[in-house]
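Student: I would like to learn how to read aromatic pairs and helix packing from a set of coordinates. Could we work through a case together?

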Amino acid sequence: MIRSAAIEKMLWSIALPGFGQLLNGKYVKGLTMLALEFIINQKSHLNQIIVASFQGDIPTAIRLTDYQWLMFYPCVYMFAIYDAYRDTFSADIPPYSVFPFALAAFFATIGVIYSPIFWIFGVLLGPVWLPMLCCFLGILVGSILQFIFRKLTQGIHKQET
């Protein structure tokens, strides 16, 4: 069960990577995450990409994107969320909790890579919507794997006793 403190810190990390670490008292890590957020955001033109994507101007969003920088964003973003979650739980973190976060980062990065050329039902989603869609797919796959690995581990521990 996720405690409310973990949810609060995860939500702050979703709002802006580094805030969850600051709430956990991890100031160097939090400021590092904030700095990475601002650098990657600026270098990839993320805010302009988001505006163009929300306005439905996907070709402009693709044109504005610096893909070499944007590919860093999903990993930094998801790591900041996971790290705030992990630090909140400390020693009580559920086993295999990293799976949904790591696979979300991986799938979202793949989404960034394919965003200028991947069409879904005749729609080009671009560098914001496709990575977000892939991120949710990564969370789903990671959650399924987390469930499977927990069950396998429980089965192994039962056999040992």
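Tutor: Let us begin with burial: a residue counts as buried when its relative accessible area is under 20%, as exposed when over 50%, and as partly exposed in between. In this predicted model, both Tyr-82 and Tyr-85 are buried.

Student: How are the rings of Tyr-82 and Tyr-85 arranged, and how are the two residues placed in helix H7?

Tutor: Ring planes under 30 degrees apart count as stacked, those over 60 as edge-to-face, and the rest as tilted. The planes of Tyr-82 and Tyr-85 stand at 45°, with the ring centres 6.3 Å apart, so this pair is tilted. The two tyrosines are three residues apart in H7 (residues 73-89), and therefore separated by about one helical turn. Tyr-82 and Tyr-85 also form one aromatic cluster with Phe-101.

Student: Which parts does the pair of Tyr-96 and Phe-149 tie together?

Tutor: Tyr-96 lies in the loop between H7 and helix H8 (98-114), whereas Phe-149 belongs to helix H9 (residues 126-160), so the pair ties together parts that are 53 residues apart in sequence. Tyr-96 is partly exposed, at 29% relative accessible area, and Phe-149 is partly exposed at 33%.

Methods:
Residues numbered from 1 in each chain as written. Predicted model: local features only at pLDDT ≥ 70, side-chain atom pairs only at ≥ 80, totals over all residues. Heavy atoms only, no water. Phe/Tyr/Trp six-rings, centres within 6.5 Å; stacked < 30°, edge-to-face > 60°. Helix = DSSP H or I, 4+ residues; strand = E, 2+ residues; numbered from the N terminus. Buried < 20%, exposed > 50% of the residue type's maximum accessible area, 1.4 Å probe, protein only.
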